[in-house]
Every structure is written in structure tokens, then in C-alpha cells.
Amino acid sequence: ALPICCNYNSVLKACASATPARPADAEQVLTKMLDNSIQPNSVSFNSLLKAYANARDVNVTAAEGVLERMKTHSIAPNSMTYNTLMTAYANAEPVRIKEAENLCTDMENLGLEVDSVTYNCLLHAYANNNPALADEAEKLLDHMVEKQIQPDNISYSTVIIAFANTEPAQPERAEGMIQKMQEAGLTPDARSEEHTSELQSP
């Protein structure tokens with residue numbers, strides 16, 4: 001049944017990667033798997049969760065429900081599961097900051113790997129908030145360094161976006177983050193420079 005499961009998982013991944021993602025279609029695929037007595041695995045549920053996280057209108061309740069459904073099928077949620085749920089919290093309207101922060105703590109308590117992907121998801125939540133939580137984003141970046149988790153281009157770019165979206169916007173701190181990127185041996189990408197130049201515009 002594994003090759004068949006892989007085929008279904010490929011369709012689920014396509015639903016999750018569509019723009020916008022298509023959670024309703026992903027649910028139909030999962031239903032077909034179960035109707036055909038094909039046991040979904042962690043890849044199946046993580047793809048379904050990603051579809052909810054990246055949908056045009058994020059249904060947080062449905063996204064959270066995927067975790068409970070995994071447990072019903074005796075499938076342990078992994079780091080990718082939690083990172084994807086954190087993305088759902090970050091993309092929700094309004095952003096679910098507290099839930100995203102709690103999820104990061106839950107991962108640590110469960111002994112799951114908390115890496116740059118996890119922290120980038122949480123940074124995304126801070127940057128998406130209205131107004132953006134720039135101070136919290138910068139503190140989290142410093143926390144990554146303290147834990148010897150190397151921030152990447154996405155990390156720095158997301159903090160720069162937070163400085164652009166906070167009230168009032170903070171161009172000097174955004175420029176300082178560009179400098180920090182360069183000191184870390186990273187090259188600012190077009191996204192970072194675009195937000196910095198917008199801040200400098202009269």
C-alpha cells in the first residue's frame with residue numbers, strides 16, 4: 001500500500017503548494033484514502049495542515065484539528081507539523097501571536113527540534129501582526145544567536161519587514177539589520193533591500 005499512499009501524498013502536496021492552497025481538495029483526497037482503506041501517514045497530514053496554513057482565509061480551528069486527527073490515527077506530530085501549524089497562526093487574521101509562542105514552548109517540552117525554520121515561522125507571526133512586533137522579532141533573532149542557531153536570509157529579511165510594518169516605521173533599525181546580515185556573512189536579498197528603500201522614501 002505504500003506506493004499507493006505515496007501517490008495520494010503527491011496529490012496532497014500539490015493541493016498544499018497551490019496558490020492559494022486548496023484545503024477542501026486536500027480533505028477530499030484524504031477521504032478517498034480512508035475510503036480505500038489506505039492509512040495516511042505523517043506526510044499526508046502535514047500536507048493537509050500546510051494546505052490550511054497557506055489558504056486564502058486561514059481556518060485556525062481546522063488547522064488545529066489536524067493535530068487531533070493525527071493522534072486518532074496514532075501518528076505522532078513532528079517538528080514539521082508544529083512548524084506548519086505555527087505558519088497557520090502567522091497567516092491568520094488576526095495573527096495568533098500567543099498560540100504561536102506557546103507552540104514553540106510545546107515543541108521544546110516535547111523534545112522536538114526547534115531550528116531556524118521554527119524561529120522563522122515565529123518571526124513571520126511577529127512581522128505579520130498589525131502593527132508588527134518589531135522589538136519581539138529582534139529579541140527572537142538575538143535568542144537564536146544565543147542558542148547557536150544561525151539566522152538565515154529569511155530570518156533577517158523578516159525582521160526588516162517587522163521594522164517596516166511597526167508603528168511608527170523604524171528605518172534606522174532596518175538599516176542596522178542589513179549591516180548585521182552582512183556581518184554574519186549573508187548577502188541582503190532583493191526583498192530586504194526593497195523594504196529598506198521603502199522606509200527611506202520620503
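Please keep in mind that the model is predicted. Its largest nonpolar core has 62 residues, and a search of the whole structure turns up zero disulfides.

**The nonpolar core**

- Leu85 and Met86 are the residues with the most contacts inside the largest nonpolar core.
- Helix α7, spanning residues 116-128, gives this core its largest share, with seven residues.
- Once neighbours within four places in sequence are set aside, Leu85 is in contact with Leu49, Ala63, Glu64, Leu67 and Leu103.

**Helices α3 and α5**

- Helix α3 covers residues 42-53 and helix α5 covers residues 79-91; their axes come within 8 Å and cross at roughly 10°.
- Angles under 35 degrees count as roughly parallel, so α3 is roughly parallel to α5.
- The crossing in which α3 passes α5 is left-handed.
- On the α3 side, the residues that meet α5 are Asn46, Leu49, Lys50 and Ala53.
- Their partners in α5 are Met80, Thr81, Thr84, Leu85, Thr87, Ala88 and Asn91.

**The cysteines**

- A disulfide is a covalent bond between the sulfur atoms of two cysteines.
- For Cys6, the closest cysteine sulfur is in Cys5, 5.9 Å away, which is too far for a bond; a disulfide here would need the two sulfur atoms within 2.5 Å.
- Cys15 is in no disulfide either, as its nearest cysteine sulfur, that of Cys5, is 14 Å away.
- Cys6 counts as partly exposed, at 39% relative accessibility, whereas Cys15 is buried, with a relative accessible area of 6%.

Note on methods: Residues are numbered from 1 along each chain as its sequence is written. This is a predicted model: local features need pLDDT of at least 70, side-chain atom pairs count only at pLDDT 80 or more; totals for chains, interfaces and linings use all residues. Side-chain values use heavy atoms; hydrogens and water are left out. A nonpolar core is a set of buried Ala, Val, Leu, Ile, Met, Phe, Trp, Tyr and Cys residues joined through side-chain atoms within 4.5 Å. Buried means under 20% relative accessible area, exposed over 50%, partly exposed in between (1.4 Å probe, protein chains only). Helices (H or I, at least four residues) and strands (E, at least two) are DSSP runs, numbered from the N terminus. Contact means heavy atoms within 4.5 Å. Axes are lines fitted to C-alpha atoms, for helices over the stretch in contact, and angles run from 0 to 180 degrees between N-to-C directions. Angles under 35 degrees count as roughly parallel, over 145 as roughly antiparallel, 65 to 115 as roughly perpendicular and the rest as oblique. A crossing is left-handed if the near helix is turned anticlockwise from the far one by less than a right angle, and right-handed if clockwise.
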